[in-house]
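Please look through the sequence and the model shown here before reading on.

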Amino acid sequence: MKKLRVLLVDDEIMIREGFKRLFDWEGHECEVVGEASDGMEALARIDTFCPDIVIMDINIPIMNGLKVIQLSRIKHPGIAFVIVSGYDDFSYCQQALRLQITDYILKPVDYDEFGVCIDNLKISLYEKRVSEEEKTGEKTERVITGITRYMQEHLTEEVSLSVLAEEFHLNPQYISQLFKNEIGVGFLSYLTNIRMEKAKKLLVSTQLSMVEIAEQTGYGDYRVFTKVFKKTEGITPSQYRREFLEER
């Protein structure tokens, strides 16, 4: 997988330096290709560098981050935007979600959390690519596509490298490397991501208990499910469901 190109947008130079120095971009198969300190500069840099990802504060001079996203969508619909802001304000979140941002992270940045965000973003980009290939009728069936489809369809069962190796007649180490090469994340990160995405859908669209949702997402012990969910989403499954219902 080619490295993803990243643009950093923040009016505070120390924030930009923090991102460059404190986060392992190389380890996440990414490279920072440019920076901007205000909205107009951000638009120009987006045109110049055509990044895959833009990491951006909302509260930047001349033109705020949400307006930058809105205008950028016209010429660059495929760019993924991650909002990083000190504003823990639901109205900002609502506007950002309407613009289909990838994630919304609060300052000060937890770089472990940010790493999960980047990995989830890479998974989303991979799934989008597969979806586009299916829509255009592309016939090339890559091994990784078959593996990820199998995982999606068998989440309630045991899904491990050894199970996949037996199912696809491949070496477990080879499958592990496929995930890194083709998607840019490890097998476990991908598995956790699709389990959490299914859990979130079940939480907001059904009245299933936590035990039932845990079972349907491949966790035999709902306490393990709750622990993983809180670690990846920042809140418990019950809180997630409650907050969704309150917003409705």
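## Overall make-up

The protein chain holds 12 helices and five strands, where helices (H or I, at least four residues) and strands (E, at least two) are DSSP runs numbered from the N terminus. This is a predicted model, in which local features need pLDDT of at least 70 and side-chain atom pairs count only at pLDDT 80 or more, whereas totals for chains, interfaces and linings use all residues. Residues are numbered from 1 along each chain as its sequence is written, and side-chain values use heavy atoms, with hydrogens and water left out.

Of the 248 residues in the protein chain, 42% count as buried; buried means under 20% relative accessible area, exposed over 50%, and partly exposed in between, with a 1.4 Å probe and protein chains only.

Five strands form an open sheet in the order 2-1-3-4-5, with parallel pairing; two strands pair if DSSP finds at least two bridges between them. Strand 2 (30-36) and strand 5 (103-106) stand at the edges with a single partner strand each, so one side of each has no neighbour in the sheet.

Strand 1 (residues 4-9) pairs with strand 3 (residues 53-56) in the parallel sense over four bridges, and within this pairing Val 6 has Ile 53 as its bridge partner, while Leu 8 has Ile 55. Strand 3 also pairs with strand 4 in the parallel sense over four bridges, where Ile 55 stands opposite Val 82.

In a regular strand the side chains alternate between the two faces of the sheet. Both faces of strand 3 are covered, for Ile 53 and Ile 55 on one side and Val 54 and Met 56 on the other are all buried.

## The largest nonpolar core

A nonpolar core is a set of buried Ala, Val, Leu, Ile, Met, Phe, Trp, Tyr and Cys residues joined through side-chain atoms within 4.5 Å. The largest such core has 20 residues, of which Met 151, Phe 179, Ile 183 and Tyr 190 touch the most other members. The elements that give two or more residues to this core are helix 5 (111-135), helix 6 (143-153), helix 7 (161-168), helix 8 (172-183) and helix 9 (187-205).

## Cysteines

How many disulfides does a search of the whole structure find? The search finds zero, a disulfide being a pair of cysteine sulfur atoms within 2.5 Å. Cys 30 counts as buried at 2% relative accessibility, whereas Cys 50 is partly exposed, with a relative accessible area of 44%.
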